[in-house]
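The following report describes one protein chain and its computed geometry. The sequence and coordinates are shown first, and the description follows.

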Amino acid sequence: MTFDKDKKRPDITILINGKEHDMGDWVNSETAATQSEKTLNWRESFHEEQDAYKERERENEDFAAGHEFNRHYQLNKKKRKSLTKRKKVHNGYAKKKKNMTNSPTISLNSWIPIFAAVIVGLGLGFSLLMYFSGQQESSKKALEAQTVNGTPNSNEAQAASKTYDLNQELYVIQAGVFSDSAQANKKIKQLNKKKVAAALFENNGQYSVMIQMSTNQKQNDQLAKLYKKKHISTYTKSFTIKNNNSTLLKNNAVASFMYKGKDLVQQLMSVIQTMRLSGGKTDVSQKVKKMTVSKVKWELPSTQLKTMSSQNQRDIKSFYNDLTNAIIQVNALKDDWNDQRGYQCEQNIIQALSKYERILHAS
């Protein structure tokens, strides 16, 4: 070891691995190495890992950039579609507006003759309607006048024939048939004494004594059993009242009157027979009310009867009176059934049917 006076530190030489080193230089180099280790840059030390890391960063950046591009592309695509659609609509509207602008216009002067033609047409149509309506009303009044004067129109007679079916299909309880009207009337008196309704029906020189008539066969058979219990000899059969009166249908008002009377007598038969079979226990108040309302609207055509024969006039009036009395009686019976009053009501009904048949058979 040597010592230099001019220097502050001694000049020391050391031998390491066969090489001589200055002590000062060696210490400085070791100190520098130590400092270098303290500030070691790992990215420089591990440059391969650093390169891979940068590569991944670039890929992520590329992916993010691509994703952002796609997102903006999709948004821009929707905007482009919306703009395209708006453009088409705008172009269509513009085209339509153009066409509307170019379409021919009708001036006010062109409308005036059209409007005038419509007014004239409506006025003409209304005038024709009033004219034909007046003609129709005049024709109707003329037909009515002809009917009152006894000279009915042939068309009116055909209309009445089609409208008013006066025939009746019935089931009857018959108490006997006689060739002599006196014997038939004697039988009727015998039945009346027993409080059994009966009336005379003439057909081809034969006189039948009927005690009940019905539109219901089952109801008719049940009634026959009641008379059998009273030891009254009867039998049931079907019976038709057919219109052979040619004059009757020529008078529209009389034909209508007889048609309504036919409906009333059928309602009466059904009601009184129901009450008879149940002893007045069945409630028939609604049917009686309906029938009574119909009777109020049913009026005798007194003026039009002048066209009928004297016998027809008497029979029609008798038919009306018998049904009127029967309806009055059935109104009393619906709340308080009584065999005696029941018999009286049945007698009026069977007499009305006898008159009805004689009216239709008159020649």
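Ser 285 counts as partly exposed, at 24% relative accessibility; here buried means under 20% relative accessible area, exposed means over 50%, and partly exposed lies in between (1.4 Å probe, protein chains only). Ser 285 is found in helix 9, residues 285-296; helices (H or I, at least four residues) and strands (E, at least two) are DSSP runs numbered from the N terminus. Ser 285 and Val 271 are 14 residues apart in sequence, with their C-alpha atoms 9.4 Å apart in space.

The model is predicted: local features need pLDDT of at least 70, side-chain atom pairs count only at pLDDT 80 or more, and totals for chains, interfaces and linings use all residues. Residues are numbered from 1 along each chain as its sequence is written, and side-chain values use heavy atoms, with hydrogens and water left out.

**Overall composition**

The protein chain holds eleven helices and six strands. Of its 363 residues, 28% count as buried. The chain exposes about 24,900 Å², of which carbon and sulfur atoms supply 53%; accessible areas come from the Shrake-Rupley method with a 1.4 Å probe, and for residues only the protein chains shown count as cover. Among contacts with a separation of 6 or more, 72% are between residues 24 or more positions apart, a contact being heavy atoms within 4.5 Å.

Helix 8 comprises residues 252-278 and includes Val 265. The 27 residues of helix 8 should span 39 Å at 1.5 Å a residue, and the end C-alpha atoms are 40 Å apart, which agrees; the expected span is 1.5 Å times one less than the number of residues. Just after helix 8, Gly 279 takes a positive phi of about 65°.

Val 265 is buried, with a relative accessible area of 0%. Leaving aside residues up to four places away in sequence, Val 265 touches Gln 168, Leu 323, Ile 349 and Leu 353. Val 265 and Ala 326 are 61 residues apart in sequence, yet their C-alpha atoms are 9.2 Å apart.

**Salt bridges**

Side chains of opposite charge can pair when their charged atoms come close. A salt bridge is taken as a side-chain nitrogen of Lys or Arg within 4 Å of a carboxyl oxygen of Asp or Glu. By this rule the count comes to five.

| Asp 339 | Arg 276 | 3.5 Å |

Asp 339 and Arg 276 form a salt bridge. This pair links distant parts of the chain, with Asp 339 in helix 11 (residues 339-361) and Arg 276 in helix 8, 63 residues apart. Asp 339 is partly exposed, with a relative accessible area of 49%, whereas Arg 276 counts as buried at 15% relative accessibility. Arg 276 and Asp 339 also belong, together with Glu 346, to a network of salt bridges.

Asp 315 counts as buried at 2% relative accessibility, while Arg 358 is partly exposed at 45%.

In the remaining tabulated pair, Asp 335 is exposed, with a relative accessible area of 62%.

Strand 4 (residues 199-203) and strand 5 (residues 206-214) run antiparallel and are joined by five bridges; two strands pair if DSSP finds at least two bridges between them. Glu 202 has Tyr 207 of strand 5 as its bridge partner. Two residues lie between the strands of this hairpin, and Asn 204 takes a positive phi near 55° there.

**A nonpolar surface patch**

Ile 114, Val 118, Ile 119 and Leu 122 make a nonpolar surface patch of about 370 Å². Patches are made of residues with over 30% relative accessible area and no salt bridge, where like charges are joined within 9 Å and nonpolar side chains (Val, Leu, Ile, Met, Phe, Trp, Tyr) within 5 Å. Val 118 is found in helix 4, residues 108-148. Val 118 is partly exposed, with a relative accessible area of 46%.
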